[in-house]
Amino acid sequence: MAGNDKRRGGMRKSNKKGMVVGSGGQRRRGLRGKGPTPKAEDRVSHPAKKRADARSKTEQLRTKRRAQQDAQPELVAGRNPVVECIRAGVPATGLYVAQGIDIDDRVTEAVREAKSRGISVVDVPRIELDRMTNNALHQGLALQVPQFSYAHPEDVLAAASDSGMPPLIVALDGVTDPRNLGAVIRSAAAFGAHGVIVPQRRSAGITAVAWRTSAGTAAKLPVAKAVNLTRTLKDLKDAGLMVIGLDADADITSDELELATEPLVVVVGSEGRGLSRLVRETCDQTVSIPMASGVESLNASVAAGVVLAEVARRRRS
C-alpha cells in the first residue's frame, strides 16, 4: 500500500522524457471561431471555385475575341446593300468585285461611284470573296467599311434639340440581333427620329449585318452607346423628354398615344423578354400595339416601326 500511495502521490509516469507540460492554451485557442465560412467559389480546392475560374476565363476570351472582331473592318455583302451604302455615303475603304460575274446596273453604279469617291476597287476570284464574306449571299459584290464610330447620347440629344422639331429618340433595351438593330435604325430614319441609343453591354452593335439591314441609314442617323441605359433615360427625362416603352401588357395602345407630339424617347425591348425591370420602371408610360387575337407579338424592329409611324402621323396632323 505504501508503494501504491507513493505512486499515487508522486509524479505520473510517462514515456516522454522530462516533465509533461500543459497545452499552453492551444486547446482553448483551437475552440475559437474562425469567422464565417467562405463561399464555395472562394475556396481554393472546392469544385465550385474551379467552375467559377473556368467561367471567368471563358468570359475573358470572349471579350478579347469581341474586341479583336470589333477592330477589324466589316464587309457589307450583296448588290443592293452595297449600292445603298455607297449612295448613303458610308465611309467605305474598298469595293471587292468577283471575277466573271454578270454585270447589271447595280454593279456598274457601285464601281462607278466607288471610283468617283476614291474607294479602291479590287477584282477577286469568287472563291476568295466567298471566304471573305463567310459564304454570305454577296452576289459578286462586297463593300469594306471601317469600325463604326458611335456618338455619345448627349450628341444625339443636341442634334434633336437643334432640329427645330420636338425631339424623337429611339432607345433599344437588350436587342441582340443586328438585323433588328439595322431595321430599327432604318425605321427611325424613315419616320423622323433624330438618333438611336443602344446599351454598351448585351446589345447588338453596328456590324456588316446591321449596315446591310439599315440600307446605309446608319451613316445618316447618329447611333450612340450608353454605358448605363437606365441612367441615360433619366438624364433625357431631366432634359424634358418623356419616355415611353413598348410593352405587350400595357393598358394604353399606340392608337391612344397622346404623348406622340411631345419630346419623346421610344424604348424598344429585347426580342425575347421585352423591357428590363429597371427600364420599365423608368418609363413615364408603356404602350402596346393593338393586334388581332391569336397572333403572337411582333418582333422588335416591326413593333418599333409601327409605333414610330403612329408618332410621325400624329406629328403631321
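**The second largest pocket and beyond**

Author: Strand 10 (264-269), strand 11 (285-288) and helix 12 (300-316) each give at least two residues to its lining. Keep in mind that this is a predicted model. The pocket holds about 400 Å³ of space. How many residues line the second largest pocket? The count is 22. Leu246, Asp247, Ala248, Ser297 and Leu298 are the ones that lie nearest its centre.

Ser254 sits in the loop between strand 9 (252-253) and strand 10. Is Ser254 buried or exposed? Its relative accessibility is 4%, so Ser254 counts as buried. The cut-off for buried is under 20%. Beyond four places in sequence, Ser254 touches Val287, Ser288, Ile289, Pro290, Val307, Glu310 and Arg314. Val287 and Ser288 fall within strand 11. Val307, Glu310 and Arg314 fall within helix 12.

Step back to the whole chain. The protein chain has twelve helices and eleven strands. Of its 317 residues, 39% count as buried. Take the contacts between residues at least 6 apart: 81% of them join residues at least 24 apart.

Some single residues show what such contacts look like. Leu229 is in helix 10 (residues 229-238). Leu229 counts as buried because its relative accessibility is 7%. Pro199 is 30 residues away along the chain, yet the C-alpha atoms of Leu229 and Pro199 are separated by 5.6 Å. Setting aside residues within four places in sequence, the contacts of Leu229 are Ala171, Leu172, Asp173, Ile197, Pro199 and Val279. Two of these, Ile197 and Pro199, belong to strand 6 (195-199).

Gly205 lies in the loop between strand 6 and helix 9 (208-214). Its C-alpha is 8.7 Å from that of Asp177, a residue 28 places away in sequence. Beyond four places in sequence, Gly205 touches Tyr150, Pro178, Leu181 and Ala210. Ala210 lies within the range of helix 9.

Ala208 is also in helix 9. With a relative accessible area of 11%, Ala208 is buried. Which residues does Ala208 touch, leaving aside neighbours within four places in sequence? They are Glu74, Leu75 and Val76. Glu74 is 134 residues away along the chain, but the C-alpha atoms of Ala208 and Glu74 are separated by 5.3 Å.

Helix 4 comes next. Two packed helices are described by the angle between their axes and the distance between the axes. Helix 4 (residues 79-87) packs against helix 5 (residues 105-116) at about 35°, and their axes are 9 Å apart. The crossing is left-handed. Helix 4 brings Arg79, Asn80, Val82, Val83, Ile86 and Arg87 to the contact, while helix 5 brings Arg106, Val107, Glu109, Ala110 and Glu113. Sorted by class, five of these residues are nonpolar, one is polar and five are charged.

Look at Arg79 in helix 4. Beyond four places in sequence, Arg79 touches Ile101, Asp102, Asp104, Arg106, Val107, His138, Gln139 and Leu141. Arg106 and Val107 are on the helix 5 side of the packing.

End with two exposed residues. Asn134 is in the loop between helix 6 (126-132) and strand 4 (141-145). Asn135 is found in that loop too. Asn134 counts as exposed because its relative accessibility is 68%. Asn135 is exposed as well, at 63%. The cut-off here is over 50%. Their backbones deserve a look. Most residues other than glycine have a negative phi. Phi of Asn134 is near 55°, a positive value. Phi of Asn135 is positive too, near 60°.

Terms used: Residues numbered from 1 in each chain as written. Predicted model: local features only at pLDDT ≥ 70, side-chain atom pairs only at ≥ 80, totals over all residues. Heavy atoms only, no water. 1 Å grid on protein atoms, 1.4 Å probe; cavity = no way out; pocket = protein on both sides within 12 Å on 5 of 7 lines; lining within 4 Å. Points joined across faces, edges and corners; volume = space filled by probe spheres on them. Helix = DSSP H or I, 4+ residues; strand = E, 2+ residues; numbered from the N terminus. Axes fitted to C-alpha atoms, helices over the stretch in contact; angles between N-to-C directions. Left-handed = near helix turned anticlockwise from the far one by under 90°. Contact = heavy atoms within 4.5 Å. Nonpolar A, V, L, I, M, F, W, Y, C, P; charged D, E, K, R; others polar. Buried < 20%, exposed > 50% of the residue type's maximum accessible area, 1.4 Å probe, protein only.
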